[in-house]
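Let's take a quick look at a few local features of this model. Have the coordinates open as you read.

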Amino acid sequence: MLYDIMMVIIITLSIMPPAMLQYYAFEPLLTERKKRLVLGGYAVILLAELFFLLYMIPFGPWSHSYSFYKKLFTVIWIPHFIWAVAVIRPFLFRHLYVFSVRATLTIFIHTALALLLLAFFQDESRPVLSRIIYPAQFFFYTLCFTAAIPWLRRYFNEIFVKYYEISTHKYWKYISLLPLFLILDMYLTMATSDILIMDKMLLPRTFLMLALILLAFSIRAGFRQADILIKNYERNNTMTAQIQTSRAYTRSLLQSQEEMKKIYKKRNGLLEELRVLIASHERQKALHLIEDIGTALNKTKRRQYCQNTLVNAALATYLTRAEELKIPVTARIVVPQERAGLSLDMAVVLSNLIENAIHASEKQPKGQQAISLLTLYQGDILSVLVKNRFDGQVILDDQGLPVTKAKGHGIGMKSLDHFRQTYDASVLCTYEDGWFSTYIRVPWGEGSPS
């Protein structure tokens with residue numbers, strides 16, 4: 001009985017390292033609530049299985065045998081896996097990929113350990129020693145799998161978290177099935193065989209392990225290459241945005257010059273008309289003429305939003321566009337003088353945020369449109385708040401940035417994420433009471449990142 005109790009405890013605990021790998025692979029993507037939910041569910045399932053097996057094996061109808069423990073181990077993991085898939089969503093196909101990796105590793109470790117332990121303990125003259133093989137196999141399996149978790153955790157965090165933006169659903173839908181089909185035949189063979197076939201299976205399972213390792217490295221290499229291409233695309237997109245902003249601002253200045261030239265050509269006539277009105281004591285008409293001249297002069301002026309030339313050019317382009325669309329704009333802006341690349345990137349970020357705000361505002365009914373841009377510079381820290389009215393659903397990713405499935409959108413938020421990483425900035429996006437807000441804090445002093 002003591003032997004059976006020990007076996008139940010060892011087998012039940014041996015399923016926890018693979019179960020924890022299923023959790024660790026997605027941990028950075030989870031909220032604190034989901035983390036507690038997954039781990040709490042694991043604890044409940046572990047205790048339930050432990051008490052159930054303690055009742056059924058030492059005290060119930062189930063008895064010890066090699067085939068029984070082998071079949072038990074092939075199903076005991078299912079509740080933990082189902083719980084992880086149910087709570088950690090929506091990553092079904094990535095869960096299948098994690099399962100394929102852990103199952104392949106499990107099969108390989110069990111095969112290698114079984115052959116090793118049989119070589120040391122299997123002895124027909126001392127049959128009692130053969131009973132040591134089963135608990136020793138599961139015990140050393142648990143140690144080996146636990147030792148592999150840190151490396152596997154880093155690998156999954158890299159391909160699931162670091163490359164989250166390029167981890168498309170369709171990609172994982174197909175790639176996860178490849179290793180799953182590779183292990184299915186061996187997994188079923190292991191579960192249904194009542195005889196020891198470890199010596200025959202070590203070589204094919206070694207080949208399977210090598211195939212999975214090559215597949216894993218291929219996936220990571222593919223993601224790294226795709227990441228490089230996306231960064232190049234973002235860099236080109238940023239340069240395009242800078243060129244478009246500069247072109248628009250230059251066009252605006254040229255228009256201002258043309259309007260000024262028209263006023264200059266008419267100046268003598270306007271002054272003569274004003275002199276006649278004053279001489280005729282037509283005070284009201286003279287005031288109206290002065291107001292008309294002032295209005296015409298104001299149209300030639302380009303609004304100065306801040307001292308920073310690059311940021312001001314971007315703001316003048318996009319906020320003027322918002323005003324032309326009759327979208328109410330509130331702007332209180334203080335941005336220090338240029339800091340080389342930081343000013344340029346800040347101009348691009350603000351351009352993207354305001355452009356997104358304009359698109360969102362255009363979808364709102366008239367009277368409910370509004371854009372607000374406020375900045376504060378204090379203690380070498382620049383704080384920026386961009387708000388716009390929005391009536392809809394906002395989904396935030398694990399980085400706290402809004403996500404969209406609309407084709408051609410979302411580049412602005414990728415640019416914001418790149419800005420945050422480059423300049424050690426803090427970014428917070430919120431959606432409350434019909435207002436979508438983006439708050440940025442970025443070091444602007446001489447010692448800040450550049």
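This is a predicted model: local features need pLDDT of at least 70, side-chain atom pairs count only at pLDDT 80 or more; totals for chains, interfaces and linings use all residues.

Numbering starts from 1 along each chain as its sequence is written, and side-chain values use heavy atoms, with hydrogens and water left out.

Start with α13, residues 309-324. Helices here are DSSP runs (H or I, at least four residues), numbered from the N terminus. From first C-alpha to last, α13 reaches 22 Å, close to the 22 Å expected at 1.5 Å a residue. Asn308 caps its N-terminal end, and after the helix comes Lys326, with a positive phi near 65°.

Next, α3 and α5 pack against each other with axes 10 Å apart, at an angle of about 160°. That makes α3 roughly antiparallel to α5 (angles over 145 degrees). Residues of α3 that meet α5 include Leu37, Tyr42 and Ile45, and among their α5 partners are Trp83 and Val87.

Finally, Gln22 sits in α2 (residues 16-24). Gln22 counts as buried (under 20% relative accessible area), because its relative accessibility is 0%. Its contacts (heavy atoms within 4.5 Å) beyond four places in sequence include Tyr42, Ala84 and Phe99.

| Atoms from | Partner | Distance |
|---|---|---|
| Gln22 side chain | Arg102 side chain | 2.8 Å |

Methods:
Helices (H or I, at least four residues) and strands (E, at least two) are DSSP runs, numbered from the N terminus. The expected span of a helix is 1.5 Å times one less than its number of residues. A polar contact is a pair of N or O atoms within 3.5 Å; within protein, one must be able to donate a hydrogen and the other to accept it, and residues adjacent in sequence count only if both atoms are side-chain atoms. Axes are lines fitted to C-alpha atoms, for helices over the stretch in contact, and angles run from 0 to 180 degrees between N-to-C directions. Angles under 35 degrees count as roughly parallel, over 145 as roughly antiparallel, 65 to 115 as roughly perpendicular and the rest as oblique. Buried means under 20% relative accessible area, exposed over 50%, partly exposed in between (1.4 Å probe, protein chains only).
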